Amino acid sequence: MGLTVKHVSEYRDGELVRDVMAQISRTVTRPWVIMEICGGQTHAILRYGLDQLLPAHIELVHGPGCPVCVTSLEMVDKAMAIAAQPGVIFTSYGDMLRVPGSKSDLFSVRANGGDVRVVYSPLDALKIAEQNPDRQVVFFAIGFETTAPANAMSVLQARSMGLTNFSVLVSQVRVPPAMHAILSSPANRVQGFLAAGHVCAVMGYWEYPLIAQVYGVPIVVTGFEPLDIAQGILATVQRLEAGRIEAANAYHRMVTFEGNRPAQSVIDRVFIECDQKWRGIGVIPASGWRLRPEFEPFDAELRYPVASFQIDESPVCIAGQILQGLKKPPDCPAFSKMCTPENPLGATMVSSEGACAAYHRYARDPGGDGV
Ligand code: SF4
């Protein structure tokens, strides 16, 4: 796009962002609906007020790329049931502790005496397992393609260390099948995608040209800083206006077409594709990963068979429609009233990457960190 910058501060430079926004205004001639896939991008858009700088013709809708938000209620309840078992040390990323299951959350399990610990990586959980040979350590392996390599590595390492007291509760999700599900819905509004740069750093974007062609939508790999996002939107609008249906990369400093092959091969060694239930959306075929049969000794679901759960979402929560770009957080009657980050009814209000939490946090602070 003829613009080269070297430092993070330049990617947040208001003048540069406004220049790109002006190019978008000059390019656009009619309304377009564009979805940013990733919750981190949603957060940055709201934080820096990028949606307010866009011409009225461009509507941004917010996608399902927030791992905490899409982890199913059943899986959260399963995690709580395992964490409450005597002798178990249950380890998880911090965000998951506040996610409401059908009745309570992992924090409540901890308050009731469960040994629930926050870790920053599955390798921390492995260390805990090494240090506590008389206890069972379970890691809650959630996330998109970005967390999968480290989660897979922890299983490989546990096997090579001969650890028998370590297992993973796997809830891995994949972006491309979710894009298929959104685009094939009769209610779909999305006409172009900003693909998640960090997912593509791992997986590349070789799967996207086919999706672009099948559904007739341009897909542009986009980063997370304000200038990255503005450039991703510009590249998408240019393609929409010209009728150029293709996958493109606006995040060259991190992403190649083929992605990180060693990371992909680690994922492949440990995981196999499976259907996966997404919170608020339902089951999406082939949208998850589970452990390959040879790694079943490390599968917490097999080690701790817990009863299957009959679960209902809060009847007022429309998070599923928000995650598919059909509605926005202020469309929810509970938004910022019955549902707040302190008292969340749905997962999109819990996670810092959730669209509802981002709207709640920034919609009332229009001065904020705007560029
Ligand atoms: S505001 Fe709360 S209840 Fe409404 S959609 Fe968002 S998470 Fe669900």
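**Ligand shell and aromatic pairs**

Colleague: Which residues are around the ligand in this one?

Modeller: Keep in mind that this is a predicted model. The ligand sits in the largest cavity. The residues around the ligand are Cys317, Ile318, Ala319, Ile322, Cys332, Phe335, Cys339, Leu345, Gly346, Thr348, Met349 and Cys356.

Colleague: And which elements give two or more residues to that shell?

Modeller: By class, the shell has ten nonpolar, two polar and no charged residues. As for the elements giving two or more residues, they are helix H16 (319-323) and helix H17 (347-350).

Colleague: Moving on to the rings, is the Phe224 and Tyr251 pair stacked or edge-to-face?

Modeller: The structure holds six aromatic pairs. For Phe224 and Tyr251, the ring centres are 6.2 Å apart and the planes sit at 75 degrees. Planes over 60 degrees apart count as edge-to-face, so with its 75 degrees this pair is edge-to-face.

Colleague: How many residues apart in sequence are the parts that Phe271 and Trp289 tie together?

Modeller: Phe271 and Trp289 form a stacked pair, 6.2 Å centre to centre with 15 degrees between the planes. Phe271 lies in strand S10 (residues 271-278) and Trp289 in strand S11 (residues 282-291), so the parts they tie together are apart in sequence by 18 residues.

Colleague: Which residue lies over the face of Tyr11?

Modeller: Here a side chain sits at 3.8 Å from the ring centre of Tyr11. The residue over that face is Arg253.

Conventions: Residues numbered from 1 in each chain as written. Predicted model: local features only at pLDDT ≥ 70, side-chain atom pairs only at ≥ 80, totals over all residues. Heavy atoms only, no water. Near = heavy atom within 4 Å. 1 Å grid on protein atoms, 1.4 Å probe; cavity = no way out; pocket = protein on both sides within 12 Å on 5 of 7 lines; lining within 4 Å. Sits in = over half its atoms within 2 Å of the grid points. Helix = DSSP H or I, 4+ residues; strand = E, 2+ residues; numbered from the N terminus. Nonpolar A, V, L, I, M, F, W, Y, C, P; charged D, E, K, R; others polar. Phe/Tyr/Trp six-rings, centres within 6.5 Å; stacked < 30°, edge-to-face > 60°. Lys NZ or Arg CZ within 6 Å of the ring centre and 35° of its normal.
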